[in-house]
Amino acid sequence: MTDWPVTLDELSREGVVRSLSHAEAAALAGTKLVEVRPEGGQSWKLLPAGNVGATRVGDKQIQVLPKGRVGVAHLLFLLGYARNPGFREEYVLGVHDDDLWPALAESLARQTERALTHGVLQGYRTTDDSLRTVRGRIRIGDQLSLRQGQLLPIEVTHDEFTVDTVENRILRGALRRMLAVPRVDPEVRRRLVHLDARLEGVAFLRAGEDAPVGPHPPERPLSAGAAARGDRAAQRVGAAGAGEVPVASFVVSMAKVYEDFVTTALTEALRETPGRTEAQHRVWLDEPGPGRRHGAIRMDVDVVHLDRDGRPQVVYDAKYKAASPKGEYPNADHYQMLAYCTALEVPVAWLVYAQGVASPAPRRVRHTGITVVEYPLDLSARPRVVLEQVADLARLSVEAFPMPLSMWRRPARASTSLVVRG
C-alpha cells in the first residue's frame, strides 16, 4: 500500500489502494485526475476520473494512461491540437522516449502559431534609462548620486510599449531551444524558424538562464504560455538521458483532446477542397415553432464541409470510444449521425473513432439515402502516420461528394479505400 508512483489505465474500474494523509487526498482529488475514495484510516482508493495525464502531490505521483497503446509522445502530439493542453506548473517523473522530441516540436509549433494568429502581442515594460530629454519620471536619487549636479543625461524611469515582453521571451526561448534539438521533422523545423523570425525584437534566453517572471498579459492565450512552459520543462528530458526524468505535469480530458485533434487535422486536410469546412456547425433538428426563428432541439456538429454555395456536403463526428469485443460501436452514435444527416440534408456521415487498425465500414440506413461510415484512427501509430490516416479520410469523403451513395461495400482487403456503386 505504499508503492509509488501509481499508474492506472483510463478504463480501469478496480483502481488501487494507497496510504495518504487527508491533506494529500484532498490535493490529489483537486487535480481531477483521479477519484479519491476513503477506505478507512489513512487508506484511500484511487480510480480514474475520466481524464488522463500525470500529476504529483508532494513526493507522491500518479499517472492515468490513455486506452490502447497511446504513449506519452503520441499524447503530446495530440495535445498540440488541443485548445487547452492542460499543462501544470509542477514536475512529474517520466520515462525517456525517442519519439518525445518530434511530438513536442509539433505541439510547440502549433500552440505558438495559435498564439500569434493576430500578430505578436505587445505590452508595457518598465525601463530605467539615461536620456537627454525627460521621459516618464526622473529618478531624483540616482540623478544626484550618479550625475553629481550635472543636468544631462537625465536618469529616468519610463514605460515602453514593446514586443519584448515576458511571454514573448518565453516563447522565443522555447522556439530556439527546440530548434537545437535533433530529429525534428524538416517541415516542423521550417515552421519553428518562421515563428522565431516573427518574434524579431524579442530578447533571447541564454542556455541555462531561467525564464523571466512576470504577469500574463490578459490578451495572451493561456495555451501559448502553457505550451512554452511545458516545452521548457520537457527540455530537461534530453539532459537526463534514460530512466526517470522530470517533465511537465498535465491533466486533460482525452475525449476533448481527441475531438480537438480530429476537428483541426481534418479541417487542415480539407483546406484545398472547394467550399469551406466549419467546426461546431450549428443546426436544429426540429422545425421552428410559432414566433420562433429556430427549432428547440439544437445540435452542434463537430465538422461539416460545405460547397461554395454554403450547402452541407458531408458531416464528421469524432468519438473517443472503444468498440465492443465483437468490434461493434454504440448504436446511439449512428442514431446521432442519422439526425445530423436528416437535418442537414446530407447523404453521408463519417464517425471517426479512436480505435485500432481496421478498414472503414459503411452502414447504409434502411429506407433512406443515408450512409454512416465508421472510420477508425490508429492513435498508437507515429504522428505522421496518424495524419496520413486523416488525409485518407478527407480524400475518401471528398471523392464521394459527386457520386451516388446508394450502394457501399467494404474493400476486399484492409486499406483506406471505399468503393461506391450507383
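## A tour of rings and helices

Start by selecting F77, Y81 and F261, which ring pairs join into a cluster. Keep in mind that you're looking at a predicted model. Across the structure there are 5 aromatic pairs. Zoom in on one of them, F77 with Y81: the ring centres sit 5.6 Å apart and the planes meet at 70°, over the 60 degrees cut-off, so this pair is edge-to-face. Both F77 and Y81 are buried.

R110 lies over the face of the Y81 ring, 3.7 Å from the ring centre.

Now jump to Y258 and Y320. Here the ring centres are 5.9 Å apart with the planes at 50°, so the pair counts as tilted. Colour by position and you'll see that the pair links distant parts of the chain, 62 residues apart: Y258 belongs to helix α8 (residues 254-269), while Y320 is in the loop between β14 (312-319) and α9 (331-344). What is the relative accessibility of Y258? It is 0%, so Y258 counts as buried. Y320 has 16% and counts as buried too, because the cut-off is under 20%.

Last stop: show helix α5 (residues 166-179) together with helix α6 (residues 186-198). They pack at an angle of about 145°, and their axes are 10 Å apart. The crossing of α5 and α6 is left-handed.

How values were computed. Residues numbered from 1 in each chain as written. Predicted model: local features only at pLDDT ≥ 70, side-chain atom pairs only at ≥ 80, totals over all residues. Heavy atoms only, no water. Phe/Tyr/Trp six-rings, centres within 6.5 Å; stacked < 30°, edge-to-face > 60°. Buried < 20%, exposed > 50% of the residue type's maximum accessible area, 1.4 Å probe, protein only. Helix = DSSP H or I, 4+ residues; strand = E, 2+ residues; numbered from the N terminus. Lys NZ or Arg CZ within 6 Å of the ring centre and 35° of its normal. Axes fitted to C-alpha atoms, helices over the stretch in contact; angles between N-to-C directions. Left-handed = near helix turned anticlockwise from the far one by under 90°.
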